[in-house]
Amino acid sequence: MTHAHDRLLIIDFGSQVTQLIARRLRELRVYCEIHPYNRVDEAFLRAFAPRAVILSGGPASVNAPGAPMPPAGVFDLGVPILGICYGQQVMMHVLGGRVEGGHGTAEFGRALVTPTGETLPLLEGWFQSGPEQVWMSHGDHVSRLAPGFRVYGTSPNAPYAITADPDRRFYAVQFHPEVHHTPRGARLYENFVRLAGFTGDWTMAGYREDAIAKIRAQVGDRRVICGLSGGVDSSVAAVLIHQAIGDQLTCVFVDNGLLRLNEAEQVVTMFRDAYNIPLIHADESALFLGALEGVSDPEVKRKTIGRLFIDVFQKYASQIEGAEFLAQGTLYPDVIESVSFAGGPSVTIKSHHNVGGLPEKMGLKLVEPLRELFKDEVRELGRELGLPESFIGRHPFPGPGLAIRCPGEVTAERLDILRRADAVYIDQIRRHGLYDDIWQAFAAILPMRTVGVMGDGRTYDYAVALRAVTSVDGMTADYYPFTHDFLGETATRIINEVRGVNRVFYDCTSKPPGTIEME
């Protein structure tokens, strides 16, 4: 836990969008943590000392046997509390109201909330031009308010859509203000943290200073190994740790031969030359490609790459004398997901470039300087550390690399074609000023050849599929609506500039039903 900042506690009852609550608060420069309801007791509350509490949504019914309940004493803290969906229902249930289910109580999707006319500071900026659109997702509803509460907004199936006891600073809403389907939801959170007295002191400049001090205190004069993938997370972690302890850090960059065009050279140049960070460039591309020969099943590909990565990393790391720590680019979502909501801790197996079970194998202690941050905060920290914007703003790249953009067998020939086609495609997107509008874009080489005509000759070459999606968090995605002119121009460039391609497709599948990557 970080003690230097005012903190907000989010008690999680199992909603699929609880992380979005935390992201909205972090955007307001409020430090918050998510903890499952069954991990929060009175001792925890005293130690955490929150300035405010949010009770999340969840799939349960408060009337069901063994329903999740907030910890005893949370309503006696004397701090503002906001209940959301199930959080509202459990607040009413515990404080003396009533929650009912049954026919006609459910409400899913967009709904309009109408004000009752009473003013409430939580709703400042709301209802200025009539009812507000919100996102509902509930089976039960509050049928009687707890003593001290009044109603401030209603919807067709939620007579108490917005309720509050202003004297105790308890607020509750039946809808989800954290999702983008509640357009003015961010304003509600902004009002809540202002009422709680937060000053917006959570900044990446402050985090950088705190993290450097923590790293120095943890590591002392000992050595650290960092598994560098070339991605944003491990790169920001490496630069941050290097600023803290200098040459006590050595990075191991495993080059698996599955990177994009010139990517290995760019990583080596940036870290070894621009940042002067000690770096071992482990070029084991022949080993990886040899192991993938004849393999076409995507899960076997992933497992093969992950196993080899650990072997290679261990081989090179063992050459670094006196190393006692292993640095990882673990982020806060990884930390949240590693704790099971229903019971004890569950094991989260991270993608192979975040070095999986290596700390135990090698007897190393972990340094995880990004474990309190979301991805957008990591990018902001990267800017604070001086990493170039062209690198910080790069689209996500999968751990198994181009292997999963190469359906079927992975060969050196197909990888070479894929790298060059992808480079032309990304160059086109940048030339047209579209790169920052897109969450992720890439080319994939299909396991098929097609007949074509070039000049007076017949060709029998590979087909390439182009993919580009927009997304907020990668959980769902829509294909990017390129113009036909752009697609035609891009296909022409790829076919003219990349030998071995004679046909180009554009993938216009959303997620779901598709995934973002091909495999």
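Which residues touch the most other members of the largest nonpolar core? Of its 48 residues, they are Ile-225, Phe-313, Tyr-425, Ile-429, Ile-438, Phe-482 and Ile-494. A nonpolar core here is a set of buried Ala, Val, Leu, Ile, Met, Phe, Trp, Tyr and Cys residues joined through side-chain atoms within 4.5 Å; buried means under 20% relative accessible area, exposed over 50%, and partly exposed in between, with a 1.4 Å probe and protein chains only.

A word on ground rules before going on. This is a predicted model, where local features need pLDDT of at least 70 and side-chain atom pairs count only at pLDDT 80 or more, while totals for chains, interfaces and linings use all residues. Residues are numbered from 1 along each chain as its sequence is written, and side-chain values use heavy atoms, with hydrogens and water left out.

At least two of its residues come from each of strand 13 (249-255), helix 8, helix 9, strand 15 (323-327), helix 14 (412-431), strand 17 (440-454), strand 18 (457-470) and helix 15 (484-497). Helices (H or I, at least four residues) and strands (E, at least two) are DSSP runs, numbered from the N terminus. Take Ile-494: not counting residues up to four places away in sequence, Ile-494 touches Ala-421, Val-424, Tyr-425, Leu-466, Val-501 and Val-504, contact meaning heavy atoms within 4.5 Å. There is also a second, separate core of 44 residues, which includes Ile-215, Phe-271, Leu-279 and Val-367.

Cys-226 sits in strand 12 (residues 223-228), and it counts as buried because its relative accessibility is 1%. Setting aside neighbours within four places in sequence, Cys-226 is in contact with Ser-234, Ala-238, Leu-249, Thr-250, Cys-251, Val-252, Phe-313 and Ala-327.

Now for how some helices pack. Helix 8 (residues 285-292) and helix 9 (residues 298-317) have axes that come within 10 Å and cross at roughly 150°. Axes are lines fitted to C-alpha atoms, for helices over the stretch in contact, and angles run from 0 to 180 degrees between N-to-C directions. The two are therefore roughly antiparallel to each other; angles under 35 degrees count as roughly parallel, over 145 as roughly antiparallel, 65 to 115 as roughly perpendicular and the rest as oblique. On the helix 8 side, Leu-287, Phe-288, Ala-291 and Leu-292 meet Lys-301, Thr-304, Ile-305, Leu-308, Phe-309 and Val-312 in helix 9. By class, that contact has eight nonpolar, one polar and one charged residues. (Ala, Val, Leu, Ile, Met, Phe, Trp, Tyr, Cys and Pro count as nonpolar, Asp, Glu, Lys and Arg as charged, and the others, Gly among them, as polar.)

Another pair is helix 5 (residues 204-219) and helix 6 (residues 232-245), whose axes come within 9 Å and cross at roughly 65°. Here Arg-208, Ala-211, Ile-212, Ile-215, Arg-216 and Val-219 of helix 5 meet Leu-240, Ile-241, Gln-243, Ala-244 and Ile-245 of helix 6. Sorted by class, this contact has eight nonpolar, one polar and two charged residues.

Helix 1 (residues 18-27) is mostly covered, with eight of its ten residues buried; Arg-23, Arg-24 and Arg-26 are among them. After helix 1 comes Arg-29, with a positive phi near 60°.

Last stop: Pro-166, in the loop between strand 10 (158-165) and strand 11 (170-173). With 28% relative accessibility, Pro-166 counts as partly exposed. Beyond neighbours within four places in sequence, Pro-166 is in contact with Leu-120, Arg-150 and Tyr-152.
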